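Please look at the sequence and structure below before reading on.

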Amino acid sequence: MTQQTPLHARHVELGARLVDFGGWDMPLHYGSQLEEHHAVRRDAGMFDVSHMRAVDVEGPGATSFLRQLLANDVARLATPGQALYSCMLNEHGGVIDDLIVYGRAPGRYRLVVNAGTAAGDLRWIVAQAGAFAVTVAERGDLAMIAVQGPNARERAAGLLPPADRALALALANFHATSLALLDGSVFVGRTGYTGEDGFEIMLPAEHAVELWNRLAGAGVRPCGLGARDTLRLEAGMNLYGNDMDEATSPLEAGLGWTVSFGPGRDFVGRAALERARAAGVARRQVGLLLEDKGILRAHQTVHAGDAGDGETTSGSYSPTLERSIALARVPAATGTMVEVDIRGKRLRARVVKPPFVRHGRARIQL
Amino acid sequence: MSNPLPADLRYTESHEWVRQNPDGSLTIGISDHAQHALGDLVFVETPEAGRVLAAGEACAVVESVKAASDVYSPLAGTVLEANAALAEAPEKINADPYGDGWLWRLKPASPAAFAALLDATGYQRLLAAAE
């Protein structure tokens, strides 16, 4: 049974092409994936991301618990409302999921996890919570809309009463706050998955359609998961299940920067990652820019000469660069040029450091 | 979709169309239904002139932002030319699938094969059944 978000009927009315994503019936695009992509890079677009799951972890033991549960360290959250990107690992150092954790107040955190992994995540989190003084609450009552693009914050904040507007516009990057609106039940984070500025807005599901319609009225373009995927790939952001999974260490998935190895903290997976580091990590994640004509896709073989072979984990046409790009897992000794096998032909690709695009501009040499 | 299918063309179950030209050669492309299902096209690989194709042989690839799809030769024959304009402008297939978005021209191995393909009514029925 595929699930539907509170905005499902709206997507149907808008003529969206719907696809199954992580067990949810979600819009792939509303006509043109390319135009939706460009709307986010150049103006403002919105995504229904209500399939993602908010999980509130609260209680006197919440900080200690999350310092054990997550590979990044919530003790890094210095100011109220600050957010942190982290992997949640198993004992073997494999990635169960990647998530955002918002520190709302002392002892109050909100995690946002992926749709396809949410049920398993919940079971894991509850099992790990064991002896800690915490409550774990799945917030299936919330809808989530991501408003992204250079004009996104201004358009979205313009819909708010003056005090809330000021609060939202004052948010620093990677920070969140509750608004006064709807008795404090609207939560706004200056976060996203596109490489552009913007907000992610969580609110009671019954108000989702109203917010969506008002954003549309303010000139924010509905965008589907297709554009979301090309935007995140250009931004060099991993997609769980493509670029990493339970069999992949964050050290091999370009996520070493999210693992906090500071002393005095025994997070799940730490011992395995330290063993892997001591042994030498054999593979690394890189970006690829195709030099020949064609399109890189996931699961193509990457030939890195004497260093050995690797594989693309995500690949697409980049609408911003008008070239094909990919993320790939390759042998650690891979040089600056590789060949990618596309339908039996070996095409040349240059190894680059993601992100490919940020804030509307190319970040690699073309 | 409500756009009427061009009545002078023949079609396949894999959503190619075929036009018979006055000189007996055939022009081949993908249907409006196919281009719509694929979405914005960003890359096209067409067969080389001179290549000999079997009926049903995968010989071209059209890639949308999201995925690559094979295009099959509706009939056996020899490739006369491919649409070179698509290399720089694959979006022509989206904009004009039955015109500027043609893929390749074929010299058929058998002149009778064209008439054996689906006509517009047959293809329309196939699309209706799939909905």
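Helices (H or I, at least four residues) and strands (E, at least two) are DSSP runs, numbered from the N terminus. Read in that order, chain B follows the pattern β-β-β-α-β-β-β-β-β-α-β-α, which comes to three helices and nine strands.

The model is predicted: local features need pLDDT of at least 70, side-chain atom pairs count only at pLDDT 80 or more, and totals for chains, interfaces and linings use all residues. Residues are numbered from 1 along each chain as its sequence is written, while chains are lettered from A and ligands numbered from 1 in the order in which they are written.

**Overall form**
- The radius of gyration of chain B, 14 Å, agrees with the value near 14 Å that a compact globule of 131 residues would have; this radius is taken over C-alpha atoms, and the globule rule is 2.2 Å times the number of residues to the power 0.38.
- The C-alpha trace of chain B spans about 35 × 35 × 25 Å along its principal axes.

**Burial**
- Among the 131 residues of chain B, 44% count as buried, meaning that 20 or more other C-beta atoms, placed from the backbone, lie within 10 Å of the residue's own.
- Strand β6 (residues 58-64) of chain B is largely enclosed by the rest of the structure, because five of its seven residues are buried.

**Partners of β6(B)**
- Two strands pair if DSSP finds at least two bridges between them.
- Strand β4 (residues 41-45) of chain B runs antiparallel to β6(B), joined by four bridges, and B:Leu41 stands opposite B:Ser64 in β6(B).
- Strand β7 (residues 68-72) of chain B pairs with β6(B) in the antiparallel sense over five bridges, with B:Ala60 opposite B:Val71 in β7(B).
- A hairpin through three residues joins β6(B) to β7(B).

Technical notes. A residue is buried if 20 or more other C-beta atoms lie within 10 Å of its own, exposed if 12 or fewer, and partly exposed in between; C-beta atoms are placed from the backbone.
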